[in-house]
Amino acid sequence: MSWLAVVFSFVACWLTLSWLLRRNRLPMDHPNERSLHATPTPRVGGLGIMAGVLAAALWLGDTALLPVTLGAFALAAVSVLDDVRGLPVRVRFLAHFVAAGGCLLALGLTGWALLAGMLAVVWVTNLYNFMDGSDGLAGGMAAIGFSALGLAAWLGDAPGLAAFCAAIAAAALAFLRFNFPPARVFMGDAGSIPLGFMAASLGILGALRHVWPWLFPLLVFSPFIVDASVTLARRGLRGERIWEAHRSHYYQRAVLLGASHRQIALAAYALMLAMAALAFVLLFLPQTLAWLLILSAATYLLIFLAIDLRWHRPRNEA
C-alpha cells in the first residue's frame, strides 16, 4: 500500500499546477541578461512538486523520514518568502545550514561527521538550485535521480525510503508535463532548493542505513554536482562572486552555442541515466570502484573539453 504514495504524489503535483496555472496573478520569472528564456514565465512549479511530496509524506507516515521532510518544507517556505519579499543571501544560507544541521542531528550524526554532512547538504542544495536554468533540466534530473534512489532502496529492503524517493520522482515527472520545452512553468527556488536538500539528506540517510554505499548517490546525481562545482570553482579562481546569477554553467554555454532547451534536456537525461547505471554497477560490483571513477571522470572531462573548445572558437561569453 505504501506505493500508493507514488500515485498520490503525481496526482497532487499535477492538480496543483493545473489549478495554479489558471490563476491570473502569479510570481513571474522575467528575462534578463543572465537568463536563457525570452518570455515571462510563472515560477510556481516548486509548489506543485512540494504538494506531491506532502501527499506522499502524509500517506507514508514514516517517522524515520520526518527530519528530511521537515527540513525540505522549511526550506521551501523560506524560498517562497524570498520570492515574495526578498531575503539577504546570508539569511538564506543560514536557513540552509539550520535545516541541514537539524536534519542530520536527528539522523544521528555528531561531531566532525555532522559538520562535514552539513557542508555537503548545503553545497548540494545550492548546486541543484544553480542547475535550474533550462527547460526540463532540473525536473528531469529529479525524476531520474530519485527513481534511481528508490530502486536502490527497494533492492536494499528499505520499502519506506524506496516509496518516498519514488514519490519525489513521480512529483518531478508530473512537473515535467508543464516544464518540458517549451516550458509553461518554471520550478523556482521553492522546488529546486528542497530537491537539492532531499537529494543530499536522503543520500546520507541511505548510507547510514547501509542501503547503498556513500558514493552511490554521488554518482547518481553527479551530472549536476560536477557541472556546478567545476563552474563555481572556475568563477572563484577568477575572483567572481560565485553566488551571483550568471551563464557560465556548461549546460548554459551549450544553449548559448546554439543547442535547444529540448536537446540539452535530452542530453542531460542520457547522461543521468548513464551515471545511474554506473552507480548500480558499483552497488552490485563494489570491486569495480576505481574503474567506475575513472570512466565517469573521463566522461565529464570529454564533455567539458568539447564545450570549452567550441566556446572559445569564437568567444560568445556574455
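**Figure 1. Buried residues of helix α2 in the predicted model.** The buried residues of α2 are G45, G46, G48, I49, M50, G52, V53, A56, A57 and L60. The structure shown, here and in the other views, is a predicted model. These buried residues pack against four helices: α1 (4-20), α3 (66-85), α7 (159-179) and α8 (189-208). G61 follows α2 and has a positive phi, near 60 degrees.

**Figure 2. Contact between helices α3 and α4.** The axes of α3 and α4 (residues 89-107) come within 9 Å and cross at roughly 170 degrees. Because angles over 145 degrees count as roughly antiparallel, α3 is roughly antiparallel to α4. On the α3 side the contact is made by P67, V68, G71, L75, V78 and D82. The α4 side contributes R92, A95, H96, A99, C103, A106 and L107. By class, the residues of this contact divide into nine nonpolar, two polar and two charged.

**Figure 3. Helix α4 and its buried residues.** In α4, the buried residues are A95, H96, A99, A100, G101, C103, L104 and L107. An α-helix has 3.6 residues a turn, so residues three or four places apart point the same way. The partners against which the buried residues of α4 pack are α3, α5 (111-130) and α8. With 19 residues, α4 reaches 27 Å from its first C-alpha to its last, close to the 27 Å expected at 1.5 Å a residue. Just after α4 comes G108, with a positive phi of about 105 degrees.

Figure 4. M198 is located in α8. Its relative accessible area is 0%, so M198 is buried. Not counting residues up to four places away in sequence, M198 touches V53, V68, A72, F146, F164, I168 and G203. One of these, V53, is among the buried residues of α2, and V68 is one of the α3 residues in the contact with α4.

**Figure 5. S296 in helix α13.** S296 lies in α13, which spans residues 289-311. S296 counts as buried because its relative accessibility is 7%, and the cut-off for buried is under 20%. A polar atom of the S296 side chain lies 3.0 Å from the backbone oxygen of L293. Leaving aside residues up to four places away in sequence, S296 touches L219, M275 and L278.

Figure 6. Most residues other than glycine have a negative phi, and most peptide bonds are trans. The peptide bond from P181 to P182 is cis, with omega near -5 degrees. P182 is placed in the loop between α7 and α8. D157, in the loop between α6 (137-155) and α7, is not a glycine but has a positive phi of about 60 degrees. With a relative accessible area of 69%, D157 is exposed. H210 is found in the loop between α8 and α9 (215-220). The phi of H210 is also positive, near 60 degrees, in a residue other than glycine. At 71% relative accessibility, H210 counts as exposed.

Technical notes:
Residues are numbered from 1 along each chain as its sequence is written. This is a predicted model: local features need pLDDT of at least 70, side-chain atom pairs count only at pLDDT 80 or more; totals for chains, interfaces and linings use all residues. Side-chain values use heavy atoms; hydrogens and water are left out. Buried means under 20% relative accessible area, exposed over 50%, partly exposed in between (1.4 Å probe, protein chains only). Helices (H or I, at least four residues) and strands (E, at least two) are DSSP runs, numbered from the N terminus. Contact means heavy atoms within 4.5 Å. A polar contact is a pair of N or O atoms within 3.5 Å; within protein, one must be able to donate a hydrogen and the other to accept it, and residues adjacent in sequence count only if both atoms are side-chain atoms. Axes are lines fitted to C-alpha atoms, for helices over the stretch in contact, and angles run from 0 to 180 degrees between N-to-C directions. Angles under 35 degrees count as roughly parallel, over 145 as roughly antiparallel, 65 to 115 as roughly perpendicular and the rest as oblique. Ala, Val, Leu, Ile, Met, Phe, Trp, Tyr, Cys and Pro count as nonpolar, Asp, Glu, Lys and Arg as charged, and the others, Gly among them, as polar. The expected span of a helix is 1.5 Å times one less than its number of residues.
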